[in-house]
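Please read the following note beside the sequence and the model. The points are numbered, and each takes up one part of the structure.

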Amino acid sequence: MERIQAVRGMNDILPGEIGWWQQVEEAARRIFQDFGYVEIRTPVLEKLELFTRSIGENTDIVEKEMYAFPDRKGEWLALRPEATASIVRSFIQNDLYADPLARKFYSMGPMFRHERPQKGRYRQFHQVDVEAFGIDDPMLDAEIMFMLRLFLQKVGLAGVGLHINSLGCRDCRKSYRESLRVFLASQAEGLCPDCLRRREVNPLRVLDCKVERCKTVLETAPVLLETLCDPCRDHFSRVQDYLSRLDTPFAVDPRMVRGLDYYMRTTFEVVTDRLGAQSAVGGGGRYNGLIRDLGGPDLPGIGFAVGMERLVLLLQQQGGMPRRNARFFVATLGSAAREEGFLLVQRLRSAGIGAELDYEGRSLKSQMRRADKLGARFVFILGEDELGRGEIQLRDMREKNQRIVPLGEAVRHARTLPTG
Ligand code: ATP
Ligand code: MG
């Protein structure tokens with residue numbers, strides 16, 4: 001029979017790498033909850049309009065990358081390309097803003113973008129996502145970047161940089177857009193066809209173009225950061241001040257704009273030089289105005305998303321896959337011992353102690369090999385003799401020592417052993 005393949009750019013996450021994923025997910029839950037965030041889960045499918053209205057019509061995501069299609073009734077839907085719009089939609093639809101204590105959310109799950117698949121870039125990928133609504137204070141901007149850094153540290157990622165910028169507000173962007181338009185009008189030669197179109201409809205989007213010749217042109221473009229209005233300038237300088245006081249190193253990158261229209265004021269990216277062109281591990285920023293534009297109250301918002309595939313790739317490059325196998329293995333010799341061993345494994349598991357056994361009745365030697373392969377720290381060994389005496393051998397595979405414990409005490413004894 002011909003085999004059926006997965007859809008291009010959409011990957012299985014296999015047992016050989018799942019340890020990384022679980023480590024990332026567990027660290028995210030623990031840390032975000034410590035910072036007062038609660039989990040929210042939204043559907044992967046939304047009305048297309050949610051994304052065109054929030055992310056912006058003239059962005060790469062909406063123009064080129066979205067999985068959008070009419071359903072059987074002809075209603076246009078889209079697989080979510082990112083999480084912020086969905087969480088804001090849910091926040092508004094479910095009147096969550098009525099509870100001032102529940103305004104910080106995190107979420108994890110698959111996103112979909114029709115891009116050219118390559119290392120670190122897929123068509124289904126996963127994000128860890130964080131959103132905080134209702135707080136405009138630069139304290140929160142700094143805190144959220146501090147939390148992002150702490151999260152990456154806790155999962156063990158080394159050597160990434162934090163780049164920050166301010167995109168100003170509607171007011172200071174108005175005059176900037178005009179000077180950028182004038183500049184781009186004088187650059188007809190160097191721009192790609194997309195940018196030639198965008199410089200009219202949405203000139204700021206040209207700043208995010210990935211085409212080399214556009215990037216060269218943009219090196220001499222006017223810089224938004226230099227023309228911020230006073231409140232935006234003050235906000236940004238206070239963000240930097242808090243970051244310094246939180247010992248969070250950062251670099252100001254005045255050319256970073258991010259690929260979504262809804263960002264304003266603080267934007268940031270975590271970058272690496274170890275994934276080729278896929279240099280962004282995560283990014284985010286402020287989006288005051290988005291909640292209102294999607295029909296909700298006029299509350300400010302800020303958030304970020306980290307790409308889990310890129311994070312896992314970097315952790316893999318660093319080596320040392322976290323092992324999550326059973327800590328205990330029960331090896332037996334002879335059929336009566338095997339029956340008893342089977343029961344012991346279930347008793348260990350019921351007591352919350354991971355344990356494994358050999359179901360195929362193989363030799364003691366091959367059972368020990370299996371225990372070793374699984375990475376079990378401890379092995380209970382039960383033969384007919386031990387069984388007759390009501391005892392069991394306990395081997396510490398790391399310390400390479402062995403002792404005898406009463407069979408009836410096996411679970412109680414297992415509880416006292418080191419978990420490392
Ligand atoms: P890039 O510039 O690499 O296309 P982006 O700016 O489009 O990234 P965001 O929309 O900010 O990315 O999404 C946040 C994170 O999600 C990225 O930093 C990245 O780690 C991850 N990500 C985005 N697109 C993909 C993809 N197609 N495959 C895997 N991860 C992705
Ligand atoms: Mg992209």
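**Note on the strands, the domains and the ligand**

1. Strand S16 (residues 401–406) is joined to S15 by six bridges, and the two run antiparallel. Strands here are DSSP runs (E, at least two residues), numbered from the N terminus, and two strands pair if DSSP finds at least two bridges between them. Across this pair, Asn 401 in S16 is opposite Asp 396. The hairpin of S15 and S16 has four residues between the strands, and Lys 400 in this hairpin adopts a positive phi near 60°.

2. This is a predicted model, in which local features need pLDDT of at least 70 and side-chain atom pairs count only at pLDDT 80 or more, while totals for chains, interfaces and linings use all residues; side-chain values use heavy atoms, with hydrogens and water left out. Residues are numbered from 1 along each chain as its sequence is written, and chains are lettered from A and ligands numbered from 1 in the order in which they are written.

3. S15 (residues 391–396) also pairs with strand S14 (residues 378–382), antiparallel and over four bridges. Here Arg 395 of S15 is the residue opposite Val 379.

4. The domain assignment, which is automatic or from a database, gives domain 1 (15–169 + 229–318) and domain 2 (328–415). Taken over C-alpha atoms, the centres of the two domains are 47 Å apart. How far apart in space are Asp 261 and Asp 396? Their C-alpha atoms are separated by 58 Å, and the two residues by 135 positions in sequence. Asp 261 belongs to the loop between strand S8 (251–252) and strand S9 (264–271). With a relative accessible area of 28%, Asp 261 is partly exposed (buried means under 20%, exposed over 50%, and partly exposed in between, with a 1.4 Å probe and protein chains only).

5. As a general point, strands of a sheet pair through backbone hydrogen bonds, either parallel or antiparallel.

6. The shell around ligand 1 has 15 residues, the closest being Arg 113, Glu 115, Arg 121, Arg 258 and Val 281 (a residue is near if one of its heavy atoms lies within 4 Å). By type, the shell holds five nonpolar, four polar and six charged residues; Ala, Val, Leu, Ile, Met, Phe, Trp, Tyr, Cys and Pro count as nonpolar, Asp, Glu, Lys and Arg as charged, and the others, Gly among them, as polar.
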